[in-house]
Amino acid sequence: MKTLLINTLLTISLLASAPLLAQEGPLRVGMSGQYFPFTFVEQDELKGFDVDVMNAIGEEMGREIQYETANFSGLFGMLESGRIDTVANQITITEERQKAYIFSDPYVYDGAQVVTKKGNTEVESVEDLKGKTVAVNLGSNFEALLRELPYADQIDIKTYESNLERDTALGRVDAFVMDRVSASQIIKEKPLPLELAGPTFSQITNAYPFRDTEAGRALRDEVNQALATLRDNGTLASISEKWFGTDITQP
Amino acid sequence: MDVLNVDYMLGLVPVLLTYLPLTLQLAGVGMVLALILACLFAVVRVLRIPVLNQLTIVFISFFRGTPLLVQLFLFYYGLPQLVSALTVIDGITATIMGLTMHFSAYMAESIRAAIVGVDRSQTEAALSIGMTNGQLMRRIVLPQATRVALPTLMNYFIDMIKATSLAFTLGVTELMGATQKEAAGSFLYFEAFIVAAIMYWIVVEMLSKLQHYLEIRLNKAYSR
């Protein structure tokens, strides 16, 4: 409590001198910690595909990685306000996001997947979503993908901060849309009665976003270099094999 | 699936307990600062100090009239956009700032009501025997007002403890944030959140006991 008060006072006194502080600290990476199996927590330990890949990038760059977890809806605000340097949370490259941020090379290639409660015969493909209630994660790219469908106005899209898998299993919504890789993983490993409905309906590529500033661009180039090395020496593929039993880092 | 996974819940208790101190710190520091601020506001309002009174009215109106989450986003994401140096406001500081200002606005009004509620004859009696304004406040009005304000202030403190669960949106992993991440790893939502709920409940229950004890003490002069 005392330290907090001192912290608060220090913060206020630091306001003036802040811009003078050195840049080269650990690489600050934001993630939700709520996106199995990319980023999640078990017994207080942050784990997942995105953690492993980022750690490998940090090793390659010779920089320590400092993870900052926050609700997904807060991550881009943290990036925007300079509190983190990038987001490692399967961020899909979209036109909208490219207007605001610059992206590294993609490190995951995937597709959008409809998932329903086990035994649901009404929804067997993306076309069947007409007139149905569909859950997506708040701020995720899947909402935009659904809205691009020609019959988008007939879909009732519900956005979730988290726990949409559970609500689908409970039957509160007819389906949810997520990337195929993590959807398959959830069905395989978690005790929820869910199934994939039909094939994927859109290609997506995921990468790391950076602020469009000089420092951001330099960092992006460094990360790209590390990614290329990790791709060439097979590290990316082996991390992917470990989590998914298949290589999702190739197109 | 249908049965509660008790082993998982028991395993989660020590993990989540390590995040409870941060939750209590956020609310504790927030409460102390909010009380100080609220007392100042209440005095300004009761004495109708020119200019300050009007500013206080606007402050209270804004912080009572907008959601806490909106205020937290303003402090944490909004301010650095205006002044980039304000990025040094970390999640914990922003949360404490938000809790302090939000709850001080509510508390100022209940403290003001408690002060105004002290019978006018008490003030007149005190002045008639030559007490100064300061003595009047310290010896006569505030002790009586404290007794009236205590239950509502305790209510706000309890509310504040639960409001800290918004901090994870600012990247502060407190009890709720830790629970959300654990639930995402295990998909055992009911188990994870019931453990967190019981922890909040126990804390609040202990505070209720404290309130009960304080009320008995403050009521001594009134019991017969």
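This is a predicted model: local features need pLDDT of at least 70, side-chain atom pairs count only at pLDDT 80 or more; totals for chains, interfaces and linings use all residues.
Author: In chain B, residues 82–103 are 64% helix and 0% strand. Their end C-alpha atoms are 25 Å apart.

Reader: Which annotation covers residues 82–103 of chain B?

Author: The name comes from an unreviewed UniProt entry. The record lists several stretches of chain B, among them 82–103 and 188–207.

Reader: How far apart are the end C-alpha atoms of residues 188–207 of chain B?

Author: This span is 95% helix and 0% strand. Its end C-alpha atoms lie at a distance of 30 Å.

Reader: Where does H5(B) bend?

Author: H5(B) runs over residues 91–117, 27 residues in total. From first C-alpha to last it reaches 39 Å, close to the 39 Å expected. Still, the helix bends by about 30°, and the place is B:Ser104.

Reader: Is H5(B) mostly covered or mostly uncovered, and how many of its residues are buried?

Author: Buried means under 20% relative accessible area. By that cut-off H5(B) is mostly covered. The buried count, out of 27 residues, is 19.

Reader: Now chain A. Which strands stand at the edges of the sheet, and why is one side of each left without a neighbour?

Author: The sheet is open, with 3 strands in parallel pairing, in the order E4-E1-E5. An edge strand has a single partner strand, so one side has no neighbour in the sheet. In chain A, that describes E4 (65–69) and E5 (86–87).

Methods. Residues are numbered from 1 along each chain as its sequence is written. Chains are lettered from A and ligands numbered from 1 in the order in which they are written. Side-chain values use heavy atoms; hydrogens and water are left out. Helices (H or I, at least four residues) and strands (E, at least two) are DSSP runs, numbered from the N terminus. The expected span of a helix is 1.5 Å times one less than its number of residues. The bend at a residue is the angle between axes fitted to the seven residues ending there and the seven starting there. Buried means under 20% relative accessible area, exposed over 50%, partly exposed in between (1.4 Å probe, protein chains only). Two strands pair if DSSP finds at least two bridges between them. UniProt positions are given in the numbering used here, feature names are shortened, and annotations may be inferred rather than shown by experiment.
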